[in-house]
Amino acid sequence: MLYWALVFFVVALIAGALGFGGIASASSGIAQILFFLFLVLFAISLIMGLVRRR
């Protein structure tokens, strides 16, 4: 999931540099959603791993 967030971020950077504002905006939004979803799932798995050890 983090890989796809980085892919969309790179697409947003390239589209922004070439002047495609709509595509850059959409790719940036998708990258943000995927990144925050990754962070939430990472935090949940980290907490669950700590709870299981005890």
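Predicted model: local features only at pLDDT ≥ 70, side-chain atom pairs only at ≥ 80, totals over all residues.

**Stop 1: the annotated span**

Select residues 29–51. The UniProt record, an unreviewed entry, places the feature "transmembrane region" here. In the model this span is 100% helix and 0% strand. Its end C-alpha atoms lie 33 Å apart.

**Stop 2: the buried residues of H2**

Stay on H2, and select Ala24, Ser27, Ala31 and Leu34. These residues are buried. What do the buried residues of H2 pack against? Show H1 as well: they pack against that helix.

Zoom in on Ser27, which lies in helix H2. Its relative accessible area is 6%, under the 20% cut-off, so Ser27 counts as buried. Now show its contacts, leaving aside neighbours within four places in sequence. Ser27 is in contact with Phe8, Val11 and Ala12.

Move along to Ala31, also a residue of helix H2. Is Ala31 buried or exposed? Its relative accessible area is 8%; that is under 20%, and therefore Ala31 is buried. Not counting residues up to four places away in sequence, Ala31 touches Ala5, Phe8 and Phe9.

Draw a distance from Ala31 to Trp4. The two residues are 27 apart along the chain, and their C-alpha atoms are separated by 7.4 Å.

**Stop 3: the start of the chain**

Select Met1. Its place is in the segment before H1. Met1 has a relative accessible area of 41%, which lies between the 20% and 50% cut-offs, so Met1 is partly exposed. Which residues does Met1 contact, leaving aside its neighbours within four places in sequence? They are Leu34, Leu37, Phe38 and Leu41. Of these, Leu34 was among the buried residues selected in H2.

Met1 and Phe35 are 34 residues apart along the chain, yet the separation of their C-alpha atoms is 7.6 Å.

**Stop 4: the nonpolar patch**

Select Phe9, Val10, Val11, Leu13, Ile14, Leu18, Phe20 and Ile23. Together they form a nonpolar patch on the surface, with about 760 Å² of accessible area. Which element gives the largest share? Helix H1, residues 2–18, contributes six residues.

Next pick Phe20. It is found in the loop between H1 and helix H2, residues 21–53. At a relative accessible area of 45%, Phe20 falls between 20% and 50% and so counts as partly exposed.

Then pick Leu18, which is found in helix H1. Its relative accessible area is 61%, over the 50% cut-off, so Leu18 is exposed.

**Stop 5**

Finish on Ile44, in helix H2. Ile44 has 46% relative accessibility, between the 20% and 50% cut-offs, and therefore counts as partly exposed. Draw two distances from this residue. How far apart in space are Ile44 and Gly16, C-alpha to C-alpha? They are 34 Å apart in space and 28 residues apart in sequence. For Leu18 and Ile44, 26 residues apart along the chain, the C-alpha atoms are separated by 38 Å.

How values were computed: Residues numbered from 1 in each chain as written. Heavy atoms only, no water. Patch = residues over 30% accessible without salt bridge, like charges linked within 9 Å, V, L, I, M, F, W, Y side chains within 5 Å. Areas by Shrake-Rupley, 256 points an atom, 1.4 Å probe, with all protein chains shown as cover. Salt bridge = Lys/Arg side-chain N within 4 Å of Asp/Glu carboxyl O. Helix = DSSP H or I, 4+ residues; strand = E, 2+ residues; numbered from the N terminus. Buried < 20%, exposed > 50% of the residue type's maximum accessible area, 1.4 Å probe, protein only. Contact = heavy atoms within 4.5 Å. UniProt positions renumbered as here; feature names shortened; annotations may be inferred.
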